[in-house]
Amino acid sequence: MSDKLDLTLDAATLTARLVDLPSVSGTEGPLADAVEQALRTLPHLTVDRHGNNVVARTRLGRPERVVLAGHLDTVPIAGNVPSRLDEDGVLWGCGTTDMKSGVAVQLRIAATVPEPNRDLTFVFYDNEEVAGHLNGLGHVVDAHPDWLAGDFAVLLEPSDAQVEGGCQGTLRVELATAGERAHSGRSWMGSNAVHAAAPILARLAAYEPRRPVIDGLEYHEGLNAVRIEGGVANNVIPDACTVTVNYRYAPDRGPDEAVAHVREVFADCGVASFTVTDHSGAALPGLSHPAAAAFMAAVGGTAQPKFGWTDVSRFGELGVPAVNYGPGNALLAHKADERVAVERITHCEERLRGWLTS
């Protein structure tokens, strides 16, 4: 099949075309080429590219600029490409929910709204589904932050056509305990590092997560062990153990506060070393911003908190308030039976078009 994208197609059909152009993280080049080629045919847009990240902008001199962003990559295909449309109006395939339906909506708005009531920036980026240092939006933030300037941003991540404000931060820490090796037949000659991790696990089991309310949205934090590693052999008392803890924290806490909180929780648990291995900050919902209020009025519904982490955090770092809003149910993301209702794709496109043309 041709890699050329026809932006005159309806958003659901365009979603199917995008799914049928596989773009597992690290292989987005052909899809980025197709997106760039399609956007360059639109005379009202200025198009730039950095790696496999494509940014297109209107320059109409409007008093306000809105960014619409989405990632091009998917998780590995699980026998669910090519796409298929069933008789109930549901489109199946890898990336239908996360998030090629959102990308299709972006492309349709880019093609069919040449004179929006706000200047628009469209961002299509790579490597969202893998390690943070590979994230294409992060690369654009570092290399060309001016490309992402705006008053408000919408990340078209799957939210089942409901507005999800901001996002929680995610922090991963390795808590190590130390012991002394010995033969398990003479265990009293050593010190068991796995046993020494018991106070850490007890503290986690007893932990009461916060549920702060921010801009009217109730977030729900979590502090959990996600991995335990220890042991040498089945007849050796282990001299080392590591518990990896993931802290999901609400956006009223900054990155330094989050690290300090986790240190405090385990301060008296016999931790030999405390190592931060991964950290992405939270983003405030920004629903009090005038552009956000206008957006909510246009799309309707009741805003919800975003419990997971998304790239709205990167916009937050740039001082751009952002929300998540896109077709697809996030609970179906990354599944072999990933799917999206055509009605949800159409709904999101119509709501965004109404907001940008009213």
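A pocket is here an open set of grid points, on a 1 Å grid over the protein atoms alone, with protein on both sides within 12 Å along at least five of seven lines, and its lining residues are those that have an atom within 4 Å of a point. In this predicted model, the largest pocket is lined by 23 residues, and those that lie nearest its centre are Glu128, Glu129, Trp309, Thr310 and His334. The space within the largest pocket comes to about 560 Å³. Two elements, β9 (169-178) and β16 (273-280), are the ones that give two or more residues to the lining of this pocket. In general, rolling a probe the size of a water molecule over the atoms shows where empty space is left.

The protein as a whole contains nine helices and 19 strands, and its C-alpha atoms fill a box of roughly 75 × 45 × 40 Å when the box is taken along the principal axes. Of the 358 residues in the protein, 51% are buried. The protein exposes about 15100 Å², and carbon and sulfur atoms supply 50% of that area. Among contacts between residues at least 6 apart in sequence, 77% join residues that are at least 24 apart. The protein carries 29 positive and 46 negative charges, and the mean positions of these two sets are 1 Å apart.

When residues up to four places away in sequence are not counted, Arg353 touches Arg108, Ile109, Thr112 and Val113. Arg353 and Val113 are 240 residues apart in sequence, yet their C-alpha atoms are 7.3 Å apart in space. Arg353 counts as partly exposed because its relative accessibility is 22%, a value that lies between the limits of 20% and 50%.

Ser25 is found in the loop between α1 (11-19) and α2 (29-40). With its neighbours within four places in sequence left aside, Ser25 is in contact with Asp73, Thr74, Asn127, Glu129 and Val130; of these, Glu129 is also one of the residues that lie nearest the centre of the largest pocket. Ser25 has a relative accessible area of 18% and is therefore buried, since buried means under 20%.

The peptide bond from Val81 to Pro82 is cis, with omega near 10°, and Pro82 is found in the loop between β3 (65-71) and β4 (84-85). A cis peptide bond also leads from Asp98 to Met99, where omega is near -10°, and Met99 is found in helix α3 (residues 96-112).

Positive phi values occur at Asp160, where phi is near 55°, and at Asp215, where phi is near 50°; neither residue is glycine. Asp160 is found in the loop between β7 (152-155) and β8 (164-165), while Asp215 has its place in the loop between β11 (213-214) and β12 (217-218). Asp160 counts as partly exposed because its relative accessibility is 32%, and Asp215 counts as partly exposed because its relative accessibility is 40%.

Note on methods: Residues numbered from 1 in each chain as written. Predicted model: local features only at pLDDT ≥ 70, side-chain atom pairs only at ≥ 80, totals over all residues. Heavy atoms only, no water. Helix = DSSP H or I, 4+ residues; strand = E, 2+ residues; numbered from the N terminus. Buried < 20%, exposed > 50% of the residue type's maximum accessible area, 1.4 Å probe, protein only. Contact = heavy atoms within 4.5 Å. Areas by Shrake-Rupley, 256 points an atom, 1.4 Å probe, with all protein chains shown as cover. Lys, Arg positive; Asp, Glu negative; His and termini not counted. Charge placed at Lys NZ, Arg CZ, Asp CG, Glu CD. 1 Å grid on protein atoms, 1.4 Å probe; cavity = no way out; pocket = protein on both sides within 12 Å on 5 of 7 lines; lining within 4 Å. Points joined across faces, edges and corners; volume = space filled by probe spheres on them.
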